[in-house]
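Please read the points below alongside the structure.

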Amino acid sequence: MAALDNDALVAVIGAGAMGAGIAQVAAQAGHPVRLYDTRPGAAEQAIEGIDRLLGRQVEKGKLAPDSRSVIRDRLQPVDTLDALADAHLVIEAIVEQLPVKQDLLRRLEGLCATDCILASNTSSLSITSLAAGLKHPERVIGMHFFNPAPLMALVEVVSGLATAPSLAATLYDTARAWGKQPVHARSTPGFIVNRVARPFYAESLRLLQEGAADCATLDALLRDAGGFRMGAFELTDLIGHDVNYAVTCSVFEAFYGDFRFQPSLVQKELVDAGRLGRKTGQGFYSYTEGTERPEPATLTSQTSVKRCTVEGDLGALQPLVERLRANGVGVTERAGTGLLRVGDATLALSDGRLASQRAREDGLRNLVLLDLALDYASAPRLAISHGAECSAVALDQAVALLARAGLSACQVADLPGLVVLRTVAMLANEAADAVLQGVATPGDIDLAMRAGVNYPRGPLAWADQLGIGYTLNVLDNLQRSYGEERYRPSLLLRRTHAEGGRLHG
Ligand code: NAI
């Protein structure tokens, strides 16, 4: 199925942040675009705004001066809906209210040709519900851009129950022709990104609520060890807590209160207080002038360690051994169960159990658990935890060993799965459930998380790399520790493990 021709008229309804961005993308791709908004003057203002943005691209040498005027001339503000009658594709980006959008679609159905595509940029409403009651629900589809639309690559092409498959193929190809990275999704709550990303925020909020560490430390760990662009607190401060909390609540309600999506009281309190993040000057952090961002709490050691012993296969942690060697630490290897010994201390990659529980169950003394890192060969920081039985001397030796590899250790309280590990396990779990429920393919889900929210690795590919058995064990241990539905592993993980397969086939 081919993309829409360049000369096909695109109508954008709603000239707010998203509508303006989408109009710019379509015009830059070569389409004539008409922009309509019920607010008088809004469409004109949006086009002036687009022209200013294009001007900045010209100044930076990213756009030829001639192209600016050509693109500008493709954009036409209109002040009646009737002026959109000959559009080939209508994309609505109006207020996020089902009855208002349904009413608009009904009016468009009476106005536009029968082969005109009616697309919605909704981020939370069901495409199936939007199309219900129309004479031709098969031509209604979701075309979900991310903010800011001209910069963000991802477009979720969302099919409702009645959407014609050929239409999804056309919009997919059109989005690609517009320079975007499209993915297919079935209309289910949160589509791909707003569903699979929920644990990224939820696990940090929970860790904070349970006193794992402070915001700055948890954020630094997700950045420096997890390889995420931002930690959950700085990111939600940027998004706005009202917006982020509302998305969580809407997904939670849409899944009939499934605890996997349960909103956080910590975030609710910020919303209640009006501490919405950057836009109000205060969220988890303060944005008033002169306020410095707190530093992460890092452990230091005066101890000098020269040798360590590796017992058995350390699993994902193995690259750390090469890093220690490269930094002059003597490494003795012997058979064992995947432990790293230094002085009195025993170090191990977390398996989702509490340090205190694992020390007792496995008969290990002075156990220090290490968190997951995206890349142990280069990460500058790592979370560690230990139980009450661990001596101060052993902890100090563990910190000294990590320091020899150039790793700053951040202590978190003895909670299951530390920080990066439980976040990644829960992201993979949600992604696996979305695959199980036919929301999208594994490839499209991973792509969406990388292109839509800049994750350093797709959650499913991450689980494949860690091993499905290991990921499943972490989730089983999290569920046992908390005794909560929230951490129940997806059936797809269990089945893939039993079959000895991989999530990416
Ligand atoms: P916005 O509030 O900036 O803009 C909405 C515009 O629609 C306003 O200019 C308003 O005057 C106009 N409008 C309202 N009712 C209308 C109607 N019946 N007919 C014509 N125009 C009407 O909102 P924003 O942020 O641009 O969001 C628009 C849509 O995009 C929503 O469905 C939202 O869920 C979705 N979305 C928003 C994202 C974001 O980050 N802001 C990201 C992806 C999707």
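**Domains and their contact**

1. The model under review is predicted. An unreviewed UniProt entry lists residues 347-416 as "domain: 3-hydroxybutyryl-CoA dehydrogenase reduced Rossmann-fold". That span is 29% helix and 24% strand, with its end C-alpha atoms 15 Å apart.

2. UniProt, again in an unreviewed entry, places "domain: 3-hydroxyacyl-CoA dehydrogenase C-terminal" at residues 190-287 and 417-498. Residues 190-287 are 58% helix and 0% strand, and 30 Å separates the end C-alpha atoms. For residues 417-498 the figures are 73% helix and 0% strand, with 23 Å between the end C-alpha atoms.

3. The domain assignment divides the chain into domain 1 (10-187), domain 2 (195-280), domain 3 (307-411) and domain 4 (420-499). Between domain 2 and domain 4, the C-alpha centres are 19 Å apart. Their contact draws 23 residues from domain 2 and 25 residues from domain 4.

4. About 2300 Å² is buried between domain 2 and domain 4, with 55% of it on carbon and sulfur atoms. On the domain 2 side, Val196, Glu203 and Arg260 account for 33% of the area buried against domain 4, more than any other three residues.

5. Seven salt bridges are found across this interface of domain 2 and domain 4. Polar contacts between domain 2 and domain 4 number twelve residue pairs.

6. Which helix gives the most to the side of domain 2 that touches domain 4? H8 does, with six residues. That side comprises 13 nonpolar, three polar and seven charged residues.

Technical notes
Residues are numbered from 1 along each chain as its sequence is written. This is a predicted model: local features need pLDDT of at least 70, side-chain atom pairs count only at pLDDT 80 or more; totals for chains, interfaces and linings use all residues. Side-chain values use heavy atoms; hydrogens and water are left out. UniProt positions are given in the numbering used here, feature names are shortened, and annotations may be inferred rather than shown by experiment. Helices (H or I, at least four residues) and strands (E, at least two) are DSSP runs, numbered from the N terminus. Domain bounds come from an automatic or database domain assignment. Contact means heavy atoms within 4.5 Å. Buried area is the accessible area (1.4 Å probe) that two parts lose on being put together, summed over both. A salt bridge is a side-chain nitrogen of Lys or Arg within 4 Å of a carboxyl oxygen of Asp or Glu. A polar contact is a pair of N or O atoms within 3.5 Å; within protein, one must be able to donate a hydrogen and the other to accept it, and residues adjacent in sequence count only if both atoms are side-chain atoms. Ala, Val, Leu, Ile, Met, Phe, Trp, Tyr, Cys and Pro count as nonpolar, Asp, Glu, Lys and Arg as charged, and the others, Gly among them, as polar.
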